[in-house]
Amino acid sequence: MTTSETDAPAPSNDAPPALELREIDKWFGPVHANDRISFAVPPGTIHGIIGENGAGKSTLFRMISGQDQPDTGTITLGSTVQLGFVDQSRDSLNDDHTVWE
């Protein structure tokens, strides 16, 4: 899908990033879950993050959403950014409910 197929405006080279990560590190004991991650997401674009199980994707999203903090580095969200993602944790679900409920 291209930007022209969505209602999203075309990215501007002058606009600040919608999301920017700089030198993000996250450790869990001896495990280096995120190692110096840096990237910027221009406004009006769509991105996906893929990787093997245990690669640090959920950790990264917890930090972007503010549920966790990086050990080092900075995360900057644009002023108009509204985050949305489905957490893989199922701890708060009621076993007596259906998936729909």
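User: Lys26 and Asp68: buried or exposed?
Analyst: Lys26 is buried, and Asp68 is buried too. Keep in mind that this is a predicted model.

User: What does Lys26 form with Asp68?
Analyst: A salt bridge. The closest N and O atoms are 3.2 Å apart.

User: Where do Lys26 and Asp68 lie?
Analyst: Lys26 is in strand S1, residues 19-28. Asp68 sits in the loop between helix H1 (57-64) and strand S3 (72-77). The two parts are 42 residues apart in sequence, so the pair ties them together.

User: OK, new topic. How many salt bridges in total?
Analyst: The count comes to 4.

User: Which side chain does Arg22 meet in a salt bridge?
Analyst: That of Glu20, at 3.1 Å from N to O.

User: How accessible is Glu20?
Analyst: Its relative accessibility is 22%. Buried means under 20%, so Glu20 counts as partly exposed.

User: And Arg36, what is its salt-bridge partner?
Analyst: Asp35. The N to O distance between these side chains is 3.7 Å.

User: What are the relative accessible areas there? Start with Arg36.
Analyst: Arg36 has 54%. Exposed means over 50%, so Arg36 is exposed.

User: And Asp35? What is its relative accessible area?
Analyst: Asp35 is at 42%, which makes it partly exposed.

User: Which residues do salt bridges with shared partners join into one network?
Analyst: Lys26, Asp68 and Asp71. Within that network, Lys26 and Asp68 are the buried pair from your opening question.

Methods: Residues numbered from 1 in each chain as written. Predicted model: local features only at pLDDT ≥ 70, side-chain atom pairs only at ≥ 80, totals over all residues. Heavy atoms only, no water. Buried < 20%, exposed > 50% of the residue type's maximum accessible area, 1.4 Å probe, protein only. Helix = DSSP H or I, 4+ residues; strand = E, 2+ residues; numbered from the N terminus.
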